[in-house]
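Please look through the structure below with the following explanation at hand.

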Amino acid sequence: MARRRKRRVEEPLTEDLLAELLAAPSPERFIRDHRVGERGLSGYLQQLLAEKGLKRADVVRAAGLNETFGYQIFTGARGASRDKLLALAFALGLTLTEANRLLKAGGANELYCKSRRDAIIIFALTHGYSLQRADEELYRFQEDTIG
């Protein structure tokens, strides 16, 4: 997959946002200023594509998704299962934090290190494994694969 130059748009840390919330004159002001709750799955996926300089078609292909279904996820026309979101996380080369944000934006549970399957996925994500290699590890541990 051809990668373009990364344009990094850092999201503020939760601790920093909490400090701003506590210092805000009202919750409405904080919510308005930070557009809390406005970004859905489609918006976050578009942001990730822009930040990482990737093309949607390449990501959909690397995630092993049907082209039409992948397009519908990216446009917000359809939701995605947790495993489809995880496949996208690997295809996008996300960090653990970014992957958990993606899962949350898609309405799925974040990765949990006390879950055996999730622990393997966390390890694979943080070590830069491809989706195929992550699936091989899951298979080796007799866990359900992602793809």
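A residue is called buried when its relative accessible area is under 20%, exposed when it is over 50%, and partly exposed in between, with a 1.4 Å probe and protein chains only. The model is a predicted one, in which local features need pLDDT of at least 70 and side-chain atom pairs count only at pLDDT 80 or more, while totals for chains, interfaces and linings use all residues. Residues are numbered from 1 along each chain as its sequence is written, and side-chain values use heavy atoms, with hydrogens and water left out.

By this scale Tyr129 is buried, with a relative accessible area of 12%, whereas Phe123 is partly exposed at 42%. The charged end of Arg133 sits over the ring of Tyr129, 3.8 Å from its centre (a charge counts when NZ of Lys or CZ of Arg is within 6 Å of the ring centre and within 35 degrees of the ring normal).

Helix 7 spans residues 96-105, and its buried residues are Glu98, Ala99, Asn100, Leu102 and Leu103; helices here are DSSP runs of H or I, at least four residues long, numbered from the N terminus. After helix 7 comes Gly107, whose phi is positive, near 80°.

Note on methods:
Helix = DSSP H or I, 4+ residues; strand = E, 2+ residues; numbered from the N terminus.
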